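Welcome! Let's take a short tour of this structure, from its chains to its domains and helices.

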Amino acid sequence: MAETLLSIRGLKVSFRGRDGSESRALRGIDLDVARGEVHSLVGESGSGKTLTAVCVLGLLPVPPARIEAGSIRFQGVELIGLPEAERRKLRGRRIGMVFQEPSKYLNPAMRVGEQILEALVLHLGLTRNEARLRAGELLELVGLPGGRRVLRRYPHELSGGMRQRVMIAMAVSCDPVLLIADEPTTALDVTLQRQILRLLLELRERLGMAILFVSHDLAVVHGISERISVIYCGKIVESGSRERVFARPLHPYTQALLASIPQASRRGTRLRAIPGTVPDASHVPAGCAFHPRCPLAVERCREEVPRLLDYAGNGGTPREAAADRSETGETHLAACHLVGT
Amino acid sequence: MAGPILEVRNLVKQFGGSGLVSRARAGLKAVDGVSFTVTAGDTFGLVGESGCGKTTLARALLYLDPPTGGEVLFQGTALGGLSRAGLRGFRRHMQIVFQDPNGALDPKMSIRASLGEGLANLGVGREERQRRAAEALELVGIQPAHAERYPHEFSGGQKQRITIARALSMDPRLLVLDEPVSNLDVSIQAQIINLLLDLKNRLALTYLFISHDLNLVAYLADRIAVMFRGRIVELGSTPQILSEPLHPYTRRLFASVPRLTGERIVPRIEGDVEDESPSRASGCRYAARCGRGDLACAANDPELHDTGGGHLVACLQPEKINQGG
Amino acid sequence: MVEVLLFILRRLGRLLLTVWLISTIIFFVIRVIPGDPALVIAGVDASAEDVAAIRARIGTDRPLASQYFDWLWRVARFDFGTSLSSGQPVTGLILERFGLTLSLALLGLLISLVVALPLGVVSAVRRWSFWDYLGMVFSQLGMAVPSFWLGILLLLALAVKVPLFPLFGSGSLRHLVLPAVALGIARAAVLLRLTRVSMVEELAKEYVITARAKGLTERLVKYKHALRNGLLPVVTIAGIQLGYMLGGAIIIEQVFSLPGLGRLFLFAVYQRDFPLIQGGVVFVAFAFSLINFLVDILYSVLNPRIRVG
């Protein structure tokens, strides 16, 4: 079992609204990413998946948000409470990030080359010429040959796919050990999407980095992940290997989500839609957040928040999720009172 | 009533250029000779990637942005020959539901007002409008009592239901749906899709369903047309397209679609480079990306031809299952 | 490259169009107003011969079309005729004074930029800090206080009470300082607000998140990334303000007794010196359009996205 690269435990984040109301955006996130692993964080909009990524990078806007509790350990070092100067050294250097819409996430008034160079000069201490060479190499690496010419361009002169490749080049420029990708292909066409996903996987092979892939698209996640964590209303409700989660999902939300996705193979059958709407972070239901929409809900679900337990061993009897996953072998976590019933 | 409800013949939508600089873009044909037939009661799926012209096509055949060439026949009547008043009369039979419910609903108008607007334009009286609005809201699962509310008081899924209700209040025969669920949360999408299917059955509607989500179209549509750069490159029943895609682009599209079953994606092999090549002036417009073409493909722009059983393809060398690739 | 040239050509075309339009309008306005301009100039008691003489001088005895084309032709050559009150060529009169007005406007712009930009940027970057409040107060005051009042105040304080600066006249830079400050402060108030708003907007944009995610220091994020985008609207507005100031900061010129364009035009209107008025209007329109043209070019240099359009 590979060592744990990133370990989030009990992360709780709240937001103070303008009217003074508090919303509990993250209600206790538990997540492990192993070295070199492709780990997907799947959830709908508002579930807190992007927020989790933002917390790992330390880019949470501290008022109005607040970290109430929890820990984020990266390569053994606790990130919460780490001085900003230290965190900045990690960003762009050991942890890279790719965002969703490259047209908005690239500076429109700065040449693409400059935007790639910056991190190299800052983190690796390269001279501008050295950095320029390396930037050209990076562009080749991400499938944009003719690197030098592209370096001189402005973002608006490139197509959507090219811009996304530039963002990826920027993110991996300093050889990070963890790449966080927040919906990197959502805005792209299907064929382009596949190219970008394959590119990410290849970079993973070459550079040995882990990928935390944040997405709402279960099919995309199915295509690339080794491990999947499902997030609902600010809490992880299920986490396990790709095979386990897709073939034998334990949590009713995961099950319902999988059953509701239209596929060619389901032609002629009615989709099993999840009733109701996704709760807003300021009005999270008591007990299990999913209970109002859950077909299996019982009294206990309304009252008690289920803990995330490991169902992978011992013929299905749950045990506590271990502090360090790398010691326990295969795990399949779920937060539900009714697993196995 | 069986038979074609919509016939599109050689539809062209060309955007004019004006001024010095856009002369280069003048003559850009967003839709370049599209023909197809939609049978009443069917769901006709239109797929393609961004820039292929599918939204332009939808707007053109509804005469929202009238075509610059070709014909559109609705239930046998050519729309191009109608006067403005005549066209307005036909419009009620062909309604459209857009992708973004926020853009489609005026935030300053109550739901009731939004719903009644189209009918008011047709001269329908107030009582009748209110009756229809209430009916339409019930059909989509919104309580008519909520009609006084404003759009911002509803969730995304509810707003989309309201836009569907608005289309339904006009009593249409044909509903054009342009990415109706793309902006919605995954768990809500299924609700709306089920609703659309129910409505279709209850009200005997015909759907023209446009989407980039191939899984969704494969699930819903009876016939599928694949568009590439303003043309339909393949057209057939869904089983035909799924089991035996003939056009290289169709194959590539369906091979790229993420699935919930099967193997993991293989990391990129070197050389899979960003393809930005524009269409050539002559010859097959897919030739540059195709990788299978030859001289004939570079010289001739293939037309859609029937390969049997209503399965049409525009390719000089359509791929057969037992050929490599 | 071609696109850039076409862009410049189009802007140039706009410039010429504006000048032509203004020339045409001023031409027709004067002639269309009821009443014979010659009569207006000659005054009530003038004899018929005097009026006829004036009419010949200003050319209103000729057919309208011929007058118009003659006018256009002269505009193109910058020949605005002869001033009725002084007998000297209008163009010469204008150019004599233009230097002063231009210096005043430029100095005023410089002062406003020097005050507004740093303060505006700091306001945005450290919101709700002391500097921000200072900036807001300054901006409110600057907009509320009329520039002529400020001018008089400055004169009282720095030319009378403490004779640091000359009271009136022209000829040296020192003569321009107080008037430029009076002009500049009012402009600075507006520019400061604009800079603050623009920077705040930029700092909320997504590319700033990317910059932070790369581990860039806050200084780089704010001053290297956000600033270049934030200053763009300020450049445009500053350019327009320069244009206004050129048009004649008439009141300031009066307060400080500066022999600039503004005073010249005021004089021309009192004297009903109609070639001078015509020439003045066209000249100012031209200057203003020229500045806009240059601002457009500058803007396109700074904002790469505009170059194509």
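## Where the chains meet

Two residues are in contact if their C-beta atoms, placed from the backbone, lie within 7 Å. The model you are looking at is predicted. By that contact rule, 36 residues of chain B touch 45 residues of chain A.

On the chain B side, the elements that give two or more residues are α7 (186–203), α8 (214–220) and α10 (248–256) of chain B. The largest share comes from α7(B), with 7 residues. Sorted by class, this side of chain B has 18 nonpolar, 9 polar and 9 charged residues.

## Two domains in chain A

Now let's turn to chain A. Its domain assignment gives domain 1 (4–94 + 174–263 + 271–334) and domain 2 (102–173). Taken over C-alpha atoms, the centres of these domains of chain A are 29 Å apart.

How many residues of domain 1 of chain A are in contact with domain 2 of chain A? There are 14, and they meet 13 residues of domain 2. Helix α8 (residues 190–207) of chain A gives the largest share of the domain 1 side, 5 residues. That side divides into 11 nonpolar, 1 polar and 2 charged residues.

## A helix pair in chain B

Back in chain B, helix α5 (residues 126–140) packs with helix α6 (residues 156–169) at an angle of about 135°, and their axes are 8 Å apart. The helices α5(B) and α6(B) are therefore oblique to each other, and their crossing is right-handed.

Among the residues that meet here are B:Ala136 and B:Leu137 in α5(B), and B:Ile164 and B:Leu168 in α6(B). By class, the contact of α5(B) with α6(B) has 8 nonpolar, 1 polar and 2 charged residues.

How values were computed. Residues are numbered from 1 along each chain as its sequence is written. Chains are lettered from A and ligands numbered from 1 in the order in which they are written. This is a predicted model: local features need pLDDT of at least 70, side-chain atom pairs count only at pLDDT 80 or more; totals for chains, interfaces and linings use all residues. Axes are lines fitted to C-alpha atoms, for helices over the stretch in contact, and angles run from 0 to 180 degrees between N-to-C directions. Helices (H or I, at least four residues) and strands (E, at least two) are DSSP runs, numbered from the N terminus. Angles under 35 degrees count as roughly parallel, over 145 as roughly antiparallel, 65 to 115 as roughly perpendicular and the rest as oblique. A crossing is left-handed if the near helix is turned anticlockwise from the far one by less than a right angle, and right-handed if clockwise. Ala, Val, Leu, Ile, Met, Phe, Trp, Tyr, Cys and Pro count as nonpolar, Asp, Glu, Lys and Arg as charged, and the others, Gly among them, as polar. Domain bounds come from an automatic or database domain assignment.
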